[in-house]
Structures are given as structure tokens and as C-alpha cells.
Amino acid sequence: MTATIEEKEETAKGNVVKAFGNLLQVKFEGNIRQGEVAMVHVDGIRLKGEVIEIAGREAKIQVFEDTKGVQLDTKVDFEGELLEAELGPGLLTSIFDGLQNPLEKVADQAGFFLPRGIYLAAIDRKKHWDYQPVAKVGDVVGRGDSLGTTLEGRFQHRIMVPFKMFGSYTVTWVVRPGSYAVDTVVAKVKDEQGNEHSLTMVQKWPIKAPLFQGEKIKPTEMMDTGLRIIDTQFPVMKGGTFCSPGPFGAGKTVLQHHLSKYSSVDIVVVVACGERAGEVVEILREFPHLIDPHTGETLMTRTVMICNTSSMPVAARESSIYMGMAIAEYYRQMGLDVLLLADSTSRWAQALREMSGRLEEIPGEEAFPAYLASRIAEFYERSGVVALKNDESGSVTIGGAVSPAGGNFEEPVTQSTLAVVGAFLGLSRERSDSRRYPAIDPLISWSKYIDEVTAHLETIVQGWGEMVKRALRILQQGNEIGKRMEVVGEEGTAIEDMVIYLKAELYDFSYLQQNAFDKEDAYCPLKRQIHVFQLINKVFLKHFKFATHDDARAYFLALQNKIKNTNFMAFEGEEYRKSVEEIHHMIDNAK
């Protein structure tokens, strides 16, 4: 929270004149603005809402809670502030709802069934942090400049000049190094008009406004995920965007869980937007016990969760998406790489559709609002790499799950998302039904980052780009031959075509599929991927000659099982090396 000497203006007040579900029409006196927070007085409690439309002296308010008990002339107070995120040390390992209420503390206060009207401070005011000042008296600072640091887990959490404070400021006083609560004044600065401002470790930022100070630059570094099908065929860059649409039960949530566990980023923000509560419970049970392969610490120490499940208020789904985004952008300003996973953006779009209907707006396709595409684009555009001072940079990578009804990728949410993302990881019912996990379909998926990743990996493995193209070409040819074989059978297929089909099946079975329950195969580091992919390409380049179709099938079944089994062995261990030698021998001595 930024304390200033400015006086707060008198806030507006109003009364409810019309109610339609959680949409209230309020007649008000005073000055208000779009997006301002409003508190509705019902049965002795205050319900939080947001101004979404203003016409003359009447405003329409979206309330984030159940509006039971609202009557004509119910009092409404306008707070004079936009819907904001509280930013400061203590966000990591926390679980918030869509309005940034810490759910563990809410449960302690109100029990396991969440009542209306409870709003608690997001950051613990009693906990003390070891603060080390960086700025000195006389320094000229601006928004986002570091005043000092404190250790949050393994990260140097920078206490920055609030991003709301534009212009330049001169530091007039700095607190001594020591242990302080977040509301302690750690520095005082004077603006160009001579007004003094007291700054604490906490600041606020409106969640719907992009937060960045610096210059956005092109992503250059690959985000290693440990999933072979993503890293090899459809890579994602740090600071990029990707989406994973798929029908119900195809594995979207399991894929998001894998990415939150193993992606090579510093911080993961998980936004459970409208999904089932059981999926969030799974994260809460697993993450405190799972070890991050990159740091050796538990995964929970690098995770922030925004939990607005299907059983929680629908109106708060939109705020949960933006709340997660604001927190991710805040950590990006510290020079950290952040991954934001939203599951699922379709539920957010459904909440927009519901509110659009109540506002009586002209509907677009499938009754979604006409501005759906621009809202989705605005969200994904907040990703990116930001160049900071001292040659540092931070990134936010956004991954959104999309849940199209019936797995129909032609519906508006999926199409609007595909228009703006950099990679499309499409999950298919056909692959999940045949137990080919992850169920990302390599025949429909794509990535715009292949050229940048190839340029980087070519420095490690010469000819990497050609190997990836060859693998995709064989998959496509194998799929076409497989469809022909369904009609004419194996005997009606040329032996050369049969071999291409078997090569495609070997690549899919042995490389693209991974076992999430196996200790070794669940996470495949890039070094291991390169080694196995070179082995697969040796199979692709080999010209096999078989006498019969049965000989070809028997050979490839034995070979693919051999390669598959190496995935479960410790990399570069004695057993692994011996197995790889046997595979080379099988390939070299094949007829």
C-alpha cells in the first residue's frame, strides 16, 4: 500500500433501482468511473462489485457474490478505486480466490463453506521480512526502480517504486536494514512538485491494466517443458503464448499440471477459472511433496494459485484471470521468468456471455459478446519479454486451456484464441481414446516458434531443423497410409508404404507418448530428448528391405518396444547405455 499525503476525494454513493441476477442498476450521486469498485450493503454485510457501464446518473454494477436480499433502494458505496491486486512479498505459496482473498485464512475465519462478504488482506500484515535497502538518500528513482530487497523463498524479491507513480522522485529517507512487517514505511520520496510520499513494501495495481516498465523485446529463449512432443515438434518460447484446446476428458488439466511441475521457469501462476474443485485439490495435495527438477525444492515454493472453481461465483471468473495476470507481470518486473496457466479460458468466456446477455448487448456468434475476440487478444498480448535496467529481462508466458463444447474447434473461443497465440497444442478425442498420452495431436498442432528454437538447437545439434521436418513428414505420410490400409488391408499395401507406416507408429509410440506415472519418463530433459531423437532419425534414414509384411511388423514391434523401454531407464546409466548399444546394433544389422 502506498501512503501519500494527498487527501482522498469524497466517494460517491447510490441506491439500487433495478436488479437482474448479479447485475444491479444503481442511481448514484457524485463522480464514478468505469471499473470502479462498489460495495453493496445487504443484511449487514458488504458485497463487492465492479462498475461495468455508466449512463448519466445510473450505473450498472457486476456483483461478485450471490445478490440474495438486494431490494429497491439498497445502499451502494463507491470506493473511488479500481479493482486492484495487492502486490508485495508473501504472494508465493499462497492460494487466493478471484478477488485475491487468501482462502486458507478465509477458511480459518469462516469454516469450509465460504460465506458472502468476507474480504481479507491478500498479504500477511504480521509476518516480518528481512529488508535490505538498495536506494540511497539523494537517488532519483522512477516507477519500477528498486528501493530494496527481501528474500522470498529462494528469490530476491524487489521492493519497487509503485507502478502508479509516474515521473521522477528523489529519495529523502531510507529505513535501516532489518526485519519489518510489509506495512512499515521503508522509504520516503519527494516528487517534482515537492510533495513527499511514504512507501511501504506493498503496492496496488488495477488488474485490467497491463503492468510493465521497460521495453518489450522479441522472445529468444526456449521454455523447456520436459514433454517430448512439445519441445521437439511444437516448442514454446519464454514470453510466448500457447493454447491447448480439447474435448472433455482429453487431458487438458493433466497437461497443465505437467507444465506447472516441470517447465523451466522461475514462477508459475495457476489460475483455476471455472474448473472442477477436485483438480485444484490434486495440485494442493501433490505440489508440497513434489520436487522441482530444476532447483531441488518443492514445487509449492514457486507457485501462486488463483482458485475460482465452478462452485464459486461466476462473476469472479473474469477477475481471477486478470488477477493472475497482474501477479505474473509483477514478478516479471523483478527479472524473473513466469508461466501463467489459465484453465480454462472458455469458462471465462461463458461468464462474459452471461453478463453480456444481462446487459442486453447485441450478441455475436453462439451468443458470445461481439467483443470476445478483442478481450481474448488483450489478455494474451500481456505476455512477452520485458527488457529491464542493468541488461536484465523478465518474461511472462501464457498457456490457456480451452474447453470447446463437443471438441468443436470451430467455435468462437477457440478460433479467437488461435488468431493470437504462438503455438497450438490441440488435444484430440481419438488419441485420448486410444490411450496415446499426452493426447496432443501432431497432425493438427503447430508452433510459430519452430524457426527460433531450431536456430538455437542447431548450435548444439547440426541438422536439428531438418530432423524435425522429417519426423513430421513421416507422421503425415504414415497417417495417410494407415487410412488406406483400413480400406485395402495390409496385404493390399506396398511393403515400402508399410515400412513408412511402421516408422510413423514407432515415432509416435516410442517418442511422442510419455508415461506420467513413471519416475524417469514423466520428465524428459532436453539433453535426453536430443539423444533419443537422433536415434529415431537413424531409423527414419535407414532403408529397410523385408521379405513380407509380417517380417516388417515383427521387426518394428521389437524395435519400438526396445526404444520405449529405454525411456524408463536412468539417463546415461549403465542399463541405458547397454540398451542404446543394442538398439544401434538392431538398426545397423537390419536387412
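Select E318 and R375 first: their side chains meet in a salt bridge (3.4 Å, N to O). E318 lies in helix α5 (residues 316-332) and R375 in helix α7 (residues 372-380), so the pair ties together parts that are 57 residues apart in sequence. A salt bridge here is a side-chain nitrogen of Lys or Arg within 4 Å of a carboxyl oxygen of Asp or Glu. Helices (H or I, at least four residues) and strands (E, at least two) are DSSP runs, numbered from the N terminus.

Before moving on, note that this is a predicted model, in which local features need pLDDT of at least 70 and side-chain atom pairs count only at pLDDT 80 or more, while totals for chains, interfaces and linings use all residues. Residues are numbered from 1 along each chain as its sequence is written, and side-chain values use heavy atoms, with hydrogens and water left out.

E318 counts as buried, at 8% relative accessibility, whereas R375 is partly exposed at 24%. Buried means under 20% relative accessible area, exposed over 50%, and partly exposed in between (1.4 Å probe, protein chains only).

Next, select E505 and R436. Their side chains meet in a salt bridge at 3.2 Å, N to O. The pair links distant parts of the chain, with E505 in helix α12 (residues 495-512) and R436 in the loop between α9 (429-433) and β27 (446-447), 69 residues apart. E505 is partly exposed, with a relative accessible area of 25%; R436 is partly exposed as well, at 23%.

Then go to R577 and E574, whose side chains form a salt bridge of 3.5 Å, N to O. Both residues sit in helix α15 (residues 574-588), three residues apart, about one turn of the helix. R577 is partly exposed with a relative accessible area of 42%, and E574 is exposed at 59%. Side chains of opposite charge can pair when their charged atoms come close. The structure holds 35 salt bridges.

## Backbone stops

Select D343 and S344 and display the backbone. A cis peptide bond joins D343 and S344, with omega about 10°. S344 is in the loop between β23 (337-343) and α6.

A further cis peptide bond runs from Y437 to P438, where omega is near -5°. P438 lies in the loop between α9 and β27.

Move to E360, which has a positive phi of about 60° although it is not a glycine. E360 lies in the loop between α6 and α7 and is exposed, with a relative accessible area of 68%.

E572 also has a positive phi, near 65°, in a residue other than glycine. Look for E572 in the loop between α14 (549-566) and α15; at 41% relative accessibility, E572 counts as partly exposed.

## Two distances to draw

Draw a line between the C-alpha atoms of E79 and K13. These two residues are 66 residues apart along the chain, and their C-alpha atoms are separated by 9.0 Å. E79 is in strand β7 (residues 75-82) and is partly exposed, at 27% relative accessibility.

Draw another between A367 and P210: they are 157 residues apart along the chain, with 28 Å between their C-alpha atoms. A367 lies in the loop between α6 (345-358) and α7 and is partly exposed at 40%.

## Zoom out

Show the whole protein chain as a cartoon. The chain has 15 helices and 27 strands. The radius of gyration is 27 Å, close to the 25 Å that the globule rule gives for 591 residues, so the chain is as compact as a globular protein of that length. This radius is taken over C-alpha atoms, and the globule rule is 2.2 Å times the number of residues to the power 0.38. Along its principal axes, the C-alpha trace spans about 90 × 55 × 40 Å.

Buried residues make up 55% of the 591 residues. Of the contacts (heavy atoms within 4.5 Å) with a separation of 6 or more, 70% are between residues 24 or more positions apart.
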